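Me: I would like to go through the terms used for this model and see what each one rests on.

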Amino acid sequence: MLNSESLYMNRFSVRGVFIVGDLLDDRQHLNFKWDKLGNIALGRPNLGEEVPVAVYRLFEYSMGDVLAHELGAERAEELTRRAGVKAGREFARNVLNLNLDKKEFLAQLTQKLLDLKIGVLRVENADLEAGIFTLTIGEGLDCSGLPPTGELVCNYDEGLLEGIFGEYTKADFHVREVDCWATGAKTCRFRGRQA
Ligand SMILES: [Zn+2]
């Protein structure tokens, strides 16, 4: 009997990439670009642009649950990471000045993550010439305060950092979390290297 992952693969491999492309063309909301975020100020004149962190996590972890039960844990983590990459690239292109030198870029990124309340970024070491860095994110939007499961849960942030640094350096990055609130650390730590 086919599991859901192989059904998913069959559906797309049998129908082919052109069919998949046509399907996606009919569903604009599934082709993410920055402008798909819309004019939030216009659309929410009374409620405003911010929501509680719990609402963000409600979406993130319910989506993770469905992906994992449909596709398996490993695939769910990979797809979550890939969504982070897409978000990171769009974020970098639309929010960050990519023409700054490395020191200024890291300062800018730190300030933006603070302004957007994503987390408190600290650069432990970064040698972008050599394509390596270690960063921590305190009070992280995704995981600070989660129950201690002993797991590294910030796959989306791994991808987000891959996307941001990839867009800035025009090279592919591989980023993995090595400490997380959910593993008992008080800050998430990410190690990145040029792929
Ligand atoms: Zn974490």
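Me: Which residue of β4 is the bridge partner of T134?
Reply: In this predicted model, T134 has R191 in β4 as its bridge partner.

Me: What makes β2 and β4 count as paired strands?
Reply: Pairing takes at least two bridges. Strand β2 (residues 132–138) and strand β4 (residues 187–194) are joined by 7 bridges, so they count as paired. The two strands run antiparallel.

Me: Why are β1 and β3 called edge strands?
Reply: The open sheet has 4 strands in the order β1-β2-β4-β3, with antiparallel pairing. β1 (120–127) and β3 (173–179) each pair on one side only. From one strand to the next, the twist averages 20°.

Me: Which helix lies across β2, β3 and β4?
Reply: Helix α6 (residues 155–169) does, and it runs at about 145° to β3.

Me: Why is α3 called oblique to α4?
Reply: Helix α3 (residues 53–71) and helix α4 (residues 73–95) pack at an angle of about 135°, and their axes are 7 Å apart. Roughly perpendicular ends at 115 degrees and roughly antiparallel means over 145, so α3 is oblique to α4. Their crossing is right-handed.

Me: Which residues meet where α3 packs on α4?
Reply: From α3 come G64, L67, A68 and L71; they meet A73, R75, A76, L79 and T80 in α4.

Me: How do the residues of the contact of α3 with α4 divide?
Reply: They divide into 6 nonpolar, 2 polar and 1 charged. Arg counts as charged, so R75 in α4 is in the charged group.

Terms used. Residues are numbered from 1 along each chain as its sequence is written. This is a predicted model: local features need pLDDT of at least 70, side-chain atom pairs count only at pLDDT 80 or more; totals for chains, interfaces and linings use all residues. Axes are lines fitted to C-alpha atoms, for helices over the stretch in contact, and angles run from 0 to 180 degrees between N-to-C directions. Angles under 35 degrees count as roughly parallel, over 145 as roughly antiparallel, 65 to 115 as roughly perpendicular and the rest as oblique. A crossing is left-handed if the near helix is turned anticlockwise from the far one by less than a right angle, and right-handed if clockwise. Two residues are in contact if their C-beta atoms, placed from the backbone, lie within 7 Å.
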